[in-house]
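I opened this notebook to record what I looked up in one structure. The entries follow the order in which I consulted it.

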Amino acid sequence: MSQEEKVYSLELDGYVIHYSFLFPGTYKLFGKYIRECEGPCDIRMTHELLEECRWIVAEEVPDEYLEFHALMLVTAKYLLSADRAIIHGVSFIWKEKAWIITAPSGTGKTTQYRNWRSLLGKGIQVINGDKSVLSFSDDGRVFVSSSPWQGKERYGRPGFSAELGGIILLEKGDHNEIRQLTAKEAVRSLFVEFISIPDTPEQIRILGNILERILDRTPVWKLTNLGDLDSAKLTKDTLSAYLEVQHG
Amino acid sequence: MGKMKFKDGIILLHIHDAYLVVSDKEARKTTPYIREINDTAAMIWQLLEQGYNVEEITDHMMKEYDIEERSRLEEDLRIYIREMKENGYLIEVKNDDL
């Protein structure tokens with residue numbers, strides 16, 4: 001470690017990772033999620049790693065911004081060894097459970113979340129607007145918590161977490177329709193939404209195992225939608241009916 | 001067509017009755033990250049992994065699916081395996097590797 005190297009600590013769902021950045025201003029993008037600390041670092045950004053991750057940003061961006069997003073990819077991979085994964089999607093708490101709306105970029109996740117806000121106001125609280133951390137309790141329950149990678153709108157707050165209630169896979173359509181998928185139907189669509197893109201056969205197997213355990217106990221719905229308020233109402237009513245059946 | 005094997009870094013996952021073929025970092029240079037395959041294709045992959053050749057896979061599938069017409073099945077298998085080979089998933093095993 002060089003004399004000048006600063007080490008920063010990021011806590012994700014109780015799991016602490018120490019970073020060393022290439023650019024002095026990168027830490028600012030982590031906001032309240034990060035603090036300066038001492039000790040050896042777990043992830044040291046390099047120019048080589050930075051170039052490998054350049055595809056994650058669509059255009060020329062400041063170095064700090066590129067490093068911030070490159071660290072998202074590196075961290076997501078790193079977390080696999082801690083039995084955690086990062087998924088692309090908006091997560092929020094409703095009826096004491098966490099719900100994730102996931103889909104490829106540009107499909108309308110944030111619009112859907114805003115529709116839920118319009119319907120329920122303070123009845124929902126956002127966990128994270130773009131990238132959520134998934135982890136497991138000792139008894140196998142799945143938990144969703146926030147990460148510094150909150151998306152353009154910067155929805156999210158550190159330390160916010162809840163047990164996962166369900167996942168909504170979003171797709172654009174010319175009408176609104178929702179149906180619960182079988183676990184088998186959900187596998188591929190969910191696998192590609194993990195930011196934890198595995199580098200090695202071992203990481204592939206870990207991610208497969210994480211997804212299997214999530215689907216063991218998590219319902220998944222596919223929402224074909226127009227992005228309007230009615231689509232959010234349809235989803236809310238469907239999930240409410242599901243919860244009523246679950247709770248007898 | 002001799003014995004085939006998967007290129008290093010290609011992993012077949014079985015998750016909740018779905019089968020995904022996933023490529024690791026090195027394999028992604030020539031093959032897609034993920035490909036979902038059906039149960040029959042998964043059986044072929046698993047038999048290839050166990051070192052079966054086309055004739056042996058044909059024998060196995062004729063029994064498994066109670067198929068009587070061998071030539072059509074064997075031809076379909078050859079086409080499927082050729083496609084997998086062209087897409088970079090499979091490589092022919094040289095005699096030295098056996």
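**Entry 1. Conventions.** I note that this is a predicted model, in which local features need pLDDT of at least 70 and side-chain atom pairs count only at pLDDT 80 or more, while totals for chains, interfaces and linings use all residues. Residues are numbered from 1 along each chain as its sequence is written, chains are lettered from A and ligands numbered from 1 in the order in which they are written.

**Entry 2. Domains of chain A.** I looked up the domain assignment, whose bounds come from an automatic or database source. For chain A it gives domain 1 (7–80) and domain 2 (85–246). The centres of these two domains of chain A, taken over C-alpha atoms, are separated by 24 Å. I then asked how many residues of domain 1 of chain A are in contact with domain 2 of chain A. I found that 14 residues of domain 1 of chain A are in contact with 20 residues of domain 2 of chain A; a contact requires C-beta atoms, placed from the backbone, to lie within 7 Å. On the domain 1 side, β1 (7–12) and α3 (63–80) of chain A each supply at least two residues. Helices (H or I, at least four residues) and strands (E, at least two) are DSSP runs, numbered from the N terminus. α3(A) gives the most to that side, with 6 residues. I recorded its classes as 10 nonpolar, 1 polar and 3 charged; Ala, Val, Leu, Ile, Met, Phe, Trp, Tyr, Cys and Pro count as nonpolar, Asp, Glu, Lys and Arg as charged, and the others, Gly among them, as polar.

**Entry 3. Helix α3(A).** I compared the length of α3(A) with expectation: at 1.5 Å a residue, its 18 residues should span 26 Å, and its end C-alpha atoms are 26 Å apart, which agrees. The expected span is 1.5 Å times one less than the number of residues. Among the buried residues of α3(A) are Leu66(A), Phe68(A), Leu71(A) and Lys77(A). A residue is buried if 20 or more other C-beta atoms lie within 10 Å of its own, exposed if 12 or fewer, and partly exposed in between, with C-beta atoms placed from the backbone.

**Entry 4. Helix α7(A).** Which residues of α7(A) are buried? I found Ser231(A), Ala232(A), Thr235(A) and Leu239(A). They cover an arc of only 100 degrees around the axis, so they lie on the same side of α7(A); the arc is that of the directions from the helix axis to the C-beta atoms. On the other side of α7(A), Asp237(A), Ser240(A), Ala241(A), Glu244(A) and Val245(A) are exposed. The cover over the buried residues of α7(A) includes α4 (109–120), β11 (161–172), β12 (177–181) and β13 (220–225) of chain A. After α7(A) comes Gly248(A), with a positive phi near 70 degrees.

**Entry 5. Chain B.** I counted 3 helices and 5 strands in chain B. From the N terminus on, its elements run β-β-β-β-α-α-α-β. The C-alpha atoms of chain B fill a box of roughly 40 × 40 × 20 Å, taken along the principal axes. Buried residues make up 21% of the 98 residues in chain B.

**Entry 6. Chain A against chain B.** The contact takes 16 residues from chain A and 13 residues from chain B. α6(A) gives the most to the side of chain A that touches chain B, with 7 residues. By class, I noted 9 nonpolar, 2 polar and 5 charged residues on that side of chain A.

Definitions and conventions
Contact = placed C-beta atoms within 7 Å.
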